[in-house]
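This report describes a protein model and the surroundings of its ligands. The sequence and structure come first, and the description follows.

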Amino acid sequence: MLPPGSFEGRVAVITGGSSGIGETIARHLAALGATVVLLGRRPDALREVVASIREAGGSAAGFAADVRDRERVEAVLAEVVDRYGRIDHLVNNAAGNFRVAPEEMSPNAWNAVVRIVLDGSWHCTQTVGRHLIARGGGGSVVSIGTTPALFGDPDTAHSASAKAGVLAMTKSLAIAWGRHGIRLNVVTPGLTDDTGAVSQLFAAEGAYAANLEKIPVGRHANRDEIAEAVTYLLSDHAGYVTGQNLVIDGGRSLGIG
Ligand SMILES: CCCCCCCCC/C=C/C(=O)SCCNC(=O)CCNC(=O)[C@H](O)C(C)(C)COP(=O)(O)OP(=O)(O)OC[C@H]1O[C@@H](n2cnc3c(N)ncnc32)[C@H](O)[C@@H]1OP(=O)(O)O
Ligand SMILES: NC(=O)C1=CN([C@@H]2O[C@H](COP(=O)(O)OP(=O)(O)OC[C@H]3O[C@@H](n4cnc5c(N)ncnc54)[C@H](OP(=O)(O)O)[C@@H]3O)[C@@H](O)[C@H]2O)C=CC1
């Protein structure tokens, strides 16, 4: 746990902050003093989370935006800078995923996921990066990865490919923007309880239990464990860490390959 006030005076944008892991990241950042700005498509879901963060004493706002829509992303982030004067941190968390055999995947199915995960992360990162460079530098970005991006997964090739792209984007921009004091990293969770991934990908009978059996530490992650890692990498305590991928999967991917 970071010291209280670690993000005081900072503004953090979290895509997909209205549910799952993104919501928990937003709560942690708000508790550490950040003003959190949540992006997502469903206004009702955003309103609910924003209200609950405010009730807990945090500062939060929500903006309805589809991260695939470059113009909307730019307009929302410009409004955030107008309202709060700055953006310091970005979490690329929004994602879509479903299981489909690659030979059966339609072009639209591929595009839906790749445009959310890879294009959406690019739209947000480039827009925030330009703001950070223009103001004189500093700031950090964390993107959420997935273990199939590292080892492959036959039924989620769209997601695995897009997340591998996000990892390459992170490393590339970490080199390009290091001289501006901007750090970019990836956090790669294993299956995490109480999230869209569980309901979307592990709903088939026995799938959740079968995955559990393959985890050396004997349980799935919880959302707080992922959020703790994200807040660390965003914070000044990780000031010399950039272009890295922190895998938090209870050892699930050890021994593969
Ligand atoms: C190894 C162990 C690791 C264990 C470790 C665990 C790894 C977990 C890794 C990652 C997890 C996550 O990302 S979890 C995140 C889960 N959360 C979500 O998915 C929430 C957001 N999802 C969504 O909004 C939707 O599901 C999504 C389809 C992506 C986008 O919605 P849209 O409205 O834009 O798209 P739609 O118009 O509905 O659909 C677009 C096209 O996709 C097709 N499509 C949609 N669902 C489909 C499906 N189930 N099967 C086939 N095709 C589908 C449609 O038919 C369309 O194609 P046509 O018919 O041809 O037009
Ligand atoms: N949960 C897990 O076990 C794992 C998750 N991950 C990654 O963690 C992240 C969070 O996953 P999880 O918490 O399960 O996801 P959820 O499905 O619970 O949440 C996804 C969030 O993304 C938002 N979102 C989806 N599409 C868009 C879009 N086009 N534009 C803007 N917002 C969008 C959703 O809001 P709305 O629908 O309102 O737009 C929602 O808030 C993802 O990047 C995922 O790939 C990686 C490995 C494991």
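UniProt positions are given in the numbering used here, feature names are shortened, and annotations may be inferred rather than shown by experiment. With that caution, an unreviewed UniProt entry lists residues 10-197 as "domain: Ketoreductase". The model is predicted, local features need pLDDT of at least 70, side-chain atom pairs count only at pLDDT 80 or more, and totals for chains, interfaces and linings use all residues. Residues are numbered from 1 along each chain as its sequence is written, while chains are lettered from A and ligands numbered from 1 in the order in which they are written.

The protein has nine helices and seven strands, where helices (H or I, at least four residues) and strands (E, at least two) are DSSP runs numbered from the N terminus. Over residues 10-197 the chain is 51% helix and 18% strand, with the end C-alpha atoms 30 Å apart. The C-alpha trace of the protein spans about 50 × 40 × 35 Å along its principal axes.

Helix α3 (residues 70-84) packs against α4 at an angle of about 35°, with the axes 10 Å apart; axes are lines fitted to C-alpha atoms, for helices over the stretch in contact, and angles run from 0 to 180 degrees between N-to-C directions. In this contact (C-beta atoms, placed from the backbone, within 7 Å), Arg70, Val73, Glu74, Leu77 and Val81 of α3 meet His123, Cys124, Thr127, Val128 and His131 of α4.

The table compares the shells around the two ligands, a residue being near a molecule if its C-beta atom, placed from the backbone, lies within 6 Å of it. Ala, Val, Leu, Ile, Met, Phe, Trp, Tyr, Cys and Pro count as nonpolar, Asp, Glu, Lys and Arg as charged, and the others, Gly among them, as polar.

| Shell | Residues by class |
|---|---|
| Ligand 1 | 10 nonpolar, 11 polar, one charged |
| Ligand 2 | 11 nonpolar, 14 polar, four charged |

Of the 22 residues around ligand 1, Gly96, Asn97, Ser106, Asn108 and Gly196 come nearest, and the elements giving two or more residues to that shell are α4 (107-134) and α7 (196-201). Around ligand 2 there are 29 residues, of which Gly16, Gly20, Arg41, Gly196 and Ala197 come nearest. At least two residues of this second shell come from each of α1 (20-31), β2 (35-40), α4 and α7, and α1 gives the most, with three residues.

Definitions and conventions
Contact = placed C-beta atoms within 7 Å.
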